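Please read the following explanation alongside the sequence and the 3D view.

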Amino acid sequence: MKVLGIDTSCYTTSIALCDRQGRLILDLRRPLSVPKGQTGLRQSEAVFAHLRNLPELLEAARQELGAGFSPDAIAYSARPRPESGSYMPVFVAGASSARQLAAALDIPLFATSHQEGHIAAALASRGLDWQEPFLALHLSGGTGELLAVRPHAGGYQLEILGTSD
């Protein structure tokens, strides 16, 4: 089983393909062009950049892996954090592409958050077990949070212990 991950944050358009064990098969990213002296783009500019970047990254993945680029499921970042009211327009671009691909390929689709993606990627890259509670320091987009991460119902719950806001 291979899962295609799609993330469209305020700074980067990203896709990754992982196997059942969470091993990375392919990781392609395109940073968004942020003018010098600015900390990011307006949401509308970032959405348009993602809409341009995603087809190019998917085409590059297909070219690099050929028939090996055949996901069995798609996961995408639907929002910044796994909490009610967490929303940024940049994530609509990735959600839209993910939903279209999953429908066209008739494969399962899973929504997650940008924050959960960071945590899962860190754990997988280090071969760590996420079935035990742990603390995570999440630094993204100029903000930081100290999180208590606890296993819960096949996933995990996050509790913010401290923030840079």
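A residue counts as buried when its relative accessible area is under 20%, and as exposed when that value is over 50%, with partly exposed in between. The model shown here is predicted. In it, Glu145 has a relative accessible area of 3%, and therefore Glu145 is buried. This residue belongs to strand β7, which covers residues 143–152.

What surrounds Glu145? Leaving aside residues up to four places away in sequence, Glu145 touches Arg81, Gln115, Ala136, Leu137, His138, Ile160, Gly162 and Thr163. With one of these, Gln115, the side chain of Glu145 also makes a polar contact of 2.4 Å.

The cysteines can be read with the cut-off given above. Cys10 has 17% relative accessibility, so Cys10 counts as buried. Cys18, at 22%, counts as partly exposed. A disulfide is a covalent bond between the sulfur atoms of two cysteines. The structure holds 0 disulfides.

Next comes the sheet. Five strands form an open sheet with mixed pairing, in the order β3-β2-β1-β4-β5. Strands β3 (24–31) and β5 (109–113) each have a single partner strand and stand at the edges, so one side of each lacks a neighbour in the sheet. From one strand to the next, the twist averages 20°.

Strand β4 (residues 73–79) runs parallel to β5, and 5 bridges join the two. Across this pairing, Arg79 stands opposite Ser113 in β5. Helix α3 (residues 114–126) packs on the sheet, where it touches β1 (2–8), β4 and β5. The direction of helix α3 makes about 95° with that of β5.

How values were computed:
Residues numbered from 1 in each chain as written. Predicted model: local features only at pLDDT ≥ 70, side-chain atom pairs only at ≥ 80, totals over all residues. Heavy atoms only, no water. Helix = DSSP H or I, 4+ residues; strand = E, 2+ residues; numbered from the N terminus. Buried < 20%, exposed > 50% of the residue type's maximum accessible area, 1.4 Å probe, protein only. Polar contact = N/O pair within 3.5 Å; in protein donor to acceptor, adjacent residues only side chain to side chain. Contact = heavy atoms within 4.5 Å. Disulfide = S-S within 2.5 Å. Pairing = 2+ DSSP bridges. Axes fitted to C-alpha atoms, helices over the stretch in contact; angles between N-to-C directions.
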